[in-house]
Amino acid sequence: MTECVRPLDPIDCEALAASDAPVFAPDAAVHAAGCEACSGAVESARVLLRELEGTLDGAGAPGGRPDLASRVVRIRPFSRRELTSPSLWSGPVAFSGVLFAAGSLIAGAPGLTAGEQASLGLAAAAPMAGIFRAAWRALADTVAAAPVGWQALSDVARAESLVGVAALLLLAPAGFALSRVLARSRRRG
């Protein structure tokens, strides 16, 4: 086997083995097809993937553990979809809320000096700062994605006239409901 002058990243080898798009080198599939060393790396990643899938399915070695998938350490960065998935982040957000509540209770405990209370208050505020930062970034991402979303809706309405007509017809009830909500909020305020 010859040495490769530009070896593929192991993550790209794993992606090619799983028939996914490479992460680091967009031309990784073309390179692996022409490079003996890199095609061998992709093939060994494919073999490893098959073995892992057999182990995770419980079809591996006798006494294999089907709960192995829950214990595997994450070795690749989160995708954009995973970063915005509420199911993935609900646990850490709840834990941050519990830490904030516990820190707030401890900070107000009698018998602590003012300096101790201040430092505990800052420690309790750190998780909330993270939550506010995440909420701000989510809002910024939504605002950044809005023009593309409106363009996609516009394209669909233009391509499918029935969808466009239905959307226009739904504007009347939506406008009526919004006017009712605003009128109610003015009466209460």
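Is glutamate 43 buried, partly exposed or exposed? At 35% relative accessibility, glutamate 43 counts as partly exposed (buried is under 20% relative accessible area, exposed over 50%, partly exposed in between, with a 1.4 Å probe and protein chains only). Before the close-ups, some housekeeping: this is a predicted model, where local features need pLDDT of at least 70 and side-chain atom pairs count only at pLDDT 80 or more, while totals for chains, interfaces and linings use all residues. Residues are numbered from 1 along each chain as its sequence is written, and side-chain values use heavy atoms, with hydrogens and water left out.

**View 1. Glu43, Arg46 and Arg50 share one salt-bridge network.** Glutamate 43 pairs with arginine 46 at 3.0 Å, N to O, and with arginine 50 at 3.7 Å (a salt bridge puts a side-chain nitrogen of Lys or Arg within 4 Å of a carboxyl oxygen of Asp or Glu). Glutamate 43 and arginine 46 both sit in helix 3 (residues 36-56), three residues apart, or about one turn of the helix. Helices here are DSSP runs (H or I, at least four residues), numbered from the N terminus. Arginine 46 is partly exposed at 28%, and so is arginine 50 at 49%.

**View 2. Aspartate 27 meets arginine 6 in a salt bridge.** The closest N and O atoms are 3.3 Å apart. This pair links distant parts of the chain, 21 residues apart: aspartate 27 is in the loop between helix 1 (10-17) and helix 2, and arginine 6 is in the segment before helix 1. Aspartate 27 is partly exposed at 36% relative accessibility, as is arginine 6 at 35%. Searching the whole structure turns up four salt bridges.

**View 3. Helix 6 (residues 114-159) carries a kink at alanine 146.** The helix has 46 residues and spans 66 Å from first C-alpha to last, close to the 68 Å expected (1.5 Å times one less than its number of residues). The kink is about 40 degrees and comes shortly before proline 147; the bend is the angle between axes fitted to the seven residues ending at a residue and the seven starting there. Ala124, Pro127 and Met128 of this helix are buried.

View 4. The protein chain averages a pLDDT of 81, and 86% of the residues score at least 70 (pLDDT is the predictor's confidence in each residue, from 0 to 100).

Note on methods
Helix = DSSP H or I, 4+ residues; strand = E, 2+ residues; numbered from the N terminus.
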